[in-house]
Amino acid sequence: MLLDADSPRLAGIDQDHVRTLAACTDKLPPIVVHRSTMKVIDGMHRLTAARLNGQETIEVRYFEGSNREAFLLAVELNMKHGLALALSDRKKSAMKILESFPEWSDRAVAVKTGLSGKTVGVLRRKFAGRIAQAPLRVGRDGRVRPLNSHKDRQQTAGIVPEEPDTVPRETAGAAGAPGPSAREAQKRLRSQDDGPLPGSEARARAPQGLEPADPLVDPLAQLESLKRDPALKYSNDGREMIRWLEARIIRKTDPGLALPAPAHQARKIAALARACAAQWNCVAMRMELLCDECSQASN
């Protein structure tokens, strides 16, 4: 049995629009339903029109995902077609998205709701007590940025501000290449230069000394475990996801393929690596939030 939507529309069903749809002789698009809850995500007006016409069945497309993702999809679909969302509807939607995705930037939320980034920022500040404070922001381009970028860059550079002459120790010291001094790193921070820190070119020329820290998990073992899961193994979407992951895993020997690159291209490759790392970090955050949501639902 279909249940009413968690609609972004404050006014609910517009009966005039329902009558217009009920009188339409063209075939209407299928409604979208959240499979796990059987709630209508998109199409309440079409569903009401079908009931008005005495229909016992209606064409449905199912959505697999969490409740918050279902609401996000409802907003996106209502923004794209049919009856326009009022300003009050869009503000309500923005608030709910901020509560569900506090790590999203104001502009990312604005794109989904048809508001300005400034308006979303006002809502975030006005209702700060209802919105979790995430240490990162995920922009509309998918890139992850720290809220305190200066502090984050300090940590990345290995600076200890209280001891400005300290030379930070790096885990990749086997090559014997010196790390950047704190003063050099502080100079980099002041200039906001995105290029490599001093000493990084020397390390790039010494691939035998570049050993990544031991990972928390073995990526290949995790992948093999996923392959054995029947929920993934016996579904088209699951197998497609496995193939996608398999093509993107970085194996222990893979970094050596990039190290012989010419020095004048090193900065571009570094930027590419960081961009990919940011996207993977975004995936990890979404998966962890989904895991937390499932744990709360089971308690």
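Strands β1 and β3 (residues 60–63) pair in the parallel sense, over 4 bridges. This pairing belongs to a predicted model, in which an open sheet of 3 strands has the order β2-β1-β3 and mixed pairing. Helix α3 packs on that sheet, and helix α3 (residues 67–80) also packs with helix α4 (residues 87–100). A further helix pair is formed by α5 (residues 106–113) and α6 (residues 117–126), whose axes come within 8 Å.

**Sheet**

- Strands of a sheet pair through backbone hydrogen bonds, in either a parallel or an antiparallel sense.
- Both senses occur here: β1 runs parallel to β3, whereas β1 and strand β2 (residues 39–42) pair in the antiparallel sense over 3 bridges.
- The edge strands are β2 and β3, each of which pairs on one side only.
- From one strand to the next, the twist averages 40°.
- On the β3 side, Ile31 has Val60 as its bridge partner, and Val32 has Arg61.
- On the β2 side, Val32 stands opposite Asp42.

**Strand β1**

- In a regular strand the side chains alternate between the two faces of the sheet.
- Both faces of β1 (residues 31–34) are covered.
- Ile31 and Val33 are buried on one side, and Val32 and His34 are buried on the other.

**Hairpin and Met38**

- β1 and β2 form a hairpin with 4 residues between them.
- Met38 is found in the loop between these two strands, β1 and β2.
- Most residues other than glycine have a negative phi.
- Met38 is not a glycine, yet it has a positive phi of about 65°.

- Helix α2 (residues 44–52) lies across β1 and β2, and runs at about 120° to β2.
- Helix α3 touches β1, β2 and β3, and its direction makes about 40° with that of β2.

**Helices α3 and α4**

- The packing angle of α3 and α4 is about 150°, and their axes are 10 Å apart.
- Because angles over 145 degrees count as roughly antiparallel, α3 and α4 are roughly antiparallel to each other.
- The crossing in which α3 passes α4 is left-handed.
- From α3, the contact is made by Arg68, Phe71, Leu72, Val75 and Met79.
- From α4, Arg90, Ser93, Lys96, Ile97 and Ser100 take part in this contact.
- By class, the residues of the contact of α3 with α4 divide into 5 nonpolar, 2 polar and 3 charged.

**Helices α5 and α6**

- The axes of α5 and α6 cross at roughly 115°.
- Angles of 65 to 115 degrees count as roughly perpendicular, and α5 and α6 are therefore roughly perpendicular to each other.
- This crossing of α5 and α6 is right-handed.
- Asp106, Val109 and Ala110 of α5 make the contact with Gly117, Val120, Gly121 and Arg124 of α6.
- The contact of α5 with α6 has 3 nonpolar, 2 polar and 2 charged residues.

Conventions:
Residues are numbered from 1 along each chain as its sequence is written. This is a predicted model: local features need pLDDT of at least 70, side-chain atom pairs count only at pLDDT 80 or more; totals for chains, interfaces and linings use all residues. Side-chain values use heavy atoms; hydrogens and water are left out. Axes are lines fitted to C-alpha atoms, for helices over the stretch in contact, and angles run from 0 to 180 degrees between N-to-C directions. Angles under 35 degrees count as roughly parallel, over 145 as roughly antiparallel, 65 to 115 as roughly perpendicular and the rest as oblique. A crossing is left-handed if the near helix is turned anticlockwise from the far one by less than a right angle, and right-handed if clockwise. Contact means heavy atoms within 4.5 Å. Ala, Val, Leu, Ile, Met, Phe, Trp, Tyr, Cys and Pro count as nonpolar, Asp, Glu, Lys and Arg as charged, and the others, Gly among them, as polar. Buried means under 20% relative accessible area, exposed over 50%, partly exposed in between (1.4 Å probe, protein chains only). Two strands pair if DSSP finds at least two bridges between them.
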